[in-house]
Structure formats: structure tokens, C-alpha cells
Amino acid sequence: MEKHETYEWEIAESGERLDKEIAQFDPSWSRAQIQDWIKTDFVTVNGDRKKANYRLKAGDHISVEVPPIVDLEVQAEAIPLDIRYEDDDVIVINKPRGMVVHPGSGNENGTLVNALLAYCKEDLSGIGGVARPGIVHRIDKDTSGLIMVAKNDFAHQSLVEQLRQHTVERAYTAVVMGAITHEHGTIDAPIGRDPSHRQRMTVIEENSKHAVTHFTVLERLGNFTVVECRLETGRTHQIRVHMKYIGFPLVGDPVYGAKKNKLPIEGQALHARILGFEHPRTGEKIRIEAELPSDMEALLTKLRHKHM
């Protein structure tokens, strides 16, 4: 049986909520994890249970017992994959809109990982654990496009390092609401969890991470604009949050866009079109491009027809 890890510290200043103090102690702990630990007696203050909204006092002693992580049992599923590149080290998939990358609460089946386990068998990196074999980066469920997967730990470490060094080329095509008048732009604004809506991200200074998106206008269609977005960093929902921040939310975005979507697309009009990286073993530059999916083409056809 795995041993629980225990973390203890004393509060210097009064006023902070218990759950927020724990989140600040170790940013890798998610708010959902912390809430669960508080509810299930893994957190005490001065030896007593407290609620998440308990206001700490100077001198309070916090103890957090972190239970061992239990990986999901992920089943292989024979789901067709649109493979755009493959060798002994790397596989690049053109992910359809609506497919989740890895299993999680509410999405145990039908994910990219389920499909990869069936296709690749044992040939996937183990660094990501049972639930995320081979996964070195991700794209949102309702974003389509290219994602690279490592077939072994050597490739995994190389690809992660390239992402960390910002040398991976990632270009997305997006359709946004509003007419962008300038040709190019750079959005340099930190992204963190929205304190008012925990399922959303937002531009915020506190508890955030540096985020930079570069965009270029490709086409103007009346009150809509087609843009290419290039990621310098890779934060959760980065393009969606940044485009909303400057006043041009993505068409069809159920979280950051208009509440009512009358256009022919389910989910945000965002496609990971270009992926470029250095091959982990040979050093060769690999660059792959995936055409827009049919639903985005249909959307553009309708917008072009209306703009004629």
C-alpha cells in the first residue's frame, strides 16, 4: 500500500481562505483535488476539520495529507484515427472536433488515448502515466487538428523540451466575431483560472502564467474575421481567452463566445492546422499541415455567401 505524503506549515498572516492558501502552497494541486481533500478529512487546521471557506488566522497550523494517485484503467478502443505522420518515435494525429484527448471524469471512453492504445498497443511513452500514455500536449475537445504523440520515453522527453523552449511551430486557423481592422497583432497577457467561474480561464495577474499569442488576418467577411494564430506559449484555452480579451471571441465558442450560435458549427471554430517540430532522434525538421475540417469549410462558405 502506497504511503500518503503529509505537508505541514504555519500561517503568518490572517485572512486567507483555507482552500486558496493550500492552492498557493503547491500550484500543481488542482482546486478540485483540494476541495475533495478538505471534504474527506485529508486537511486539518490545528488538528481539526475546517470548511474550504474557513478564514485562517496567524499561527494556525495546516496539515495536508496527499493520498497516492490512483490511475484510471484505460481501455483500448478500435476508433479510426486520421494519421498524418508516423515512425518508430512519433505519431501525429489529425483529431476531429468533439474528441477528448485523454480520459477523465465524465470522459472515460472514446478519447484519443483509448484509440491510441488500440492502434499502438505497447508502443507509447509511459511518462504521462496510465491515463495519458504518449501525450505531450493537448488540444481542447471542440478544437480540431494536429497533435503529436510520443511512442517512447526518449521521444517524449525531447518533444516536451521543445515545447518548453518554444521551438515547436503551432499555427491555428480561427474564425472570430467582429471585424479586425489591422493586419497583425500580438497578445501578451497572463492567463489563470477565473475566480468567478472555476471552469473558465481568464486574463488575470494573480495565480497566472505568462501567455503570448501572435495573430495574422487571413480574410475579412463582414462582421467576421478569419485569422491565423501562432502560439508562443501553450496555456489552457489560450487562443480562446486571448481573442475574447481583445474583443473578438471565436465563433461557436460555448464558453467564451456568444451564448446563442446560429452558425453551422458545434463548438469553437478553431483548427490546429500546422505542426512543426524537430525529430527527437534524427534532428530532421518535421512540418505537417492539415486542411480545414468540413464544418469549418461549411461555415466559411456561408459567411462568404452572406458577404457577397
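1. Leu275 sits opposite Ile288 in β15. Strands here are DSSP runs (E, at least two residues) and helices likewise (H or I, at least four), numbered from the N terminus.

2. Before you go on: this is a predicted model, where local features need pLDDT of at least 70, side-chain atom pairs count only at pLDDT 80 or more, and totals for chains, interfaces and linings use all residues. Residues are numbered from 1 along each chain as its sequence is written, and side-chain values use heavy atoms, with hydrogens and water left out.

3. Strand β14 (residues 270–278) pairs with β15 in the antiparallel sense over five bridges; pairing takes at least two DSSP bridges between the strands. The two make a hairpin with six residues between them, and Gly283 in the turn has a positive phi of about 80°.

4. Have a look at the faces of β15 (residues 285–289): Ile286 and Ile288 are on the covered one, while Lys285, Arg287 and Glu289 are on the uncovered one.

5. Now the rings. Searching the whole structure gives two aromatic pairs. Tyr7 and Phe25 are edge-to-face, 6.1 Å centre to centre with 65° between the planes. Rings of Phe, Tyr and Trp (its six-membered ring) pair if their centres lie within 6.5 Å; planes under 30 degrees apart are stacked, over 60 edge-to-face, the rest tilted.

6. Tyr7 is in strand β1 (residues 5–10) and Phe25 in helix α1 (residues 18–25), so this pair ties together parts 18 residues apart in sequence. Trp9 and Phe25 are stacked, at 3.8 Å centre to centre and 5° between the planes.

Definitions and conventions. Buried means under 20% relative accessible area, exposed over 50%, partly exposed in between (1.4 Å probe, protein chains only).
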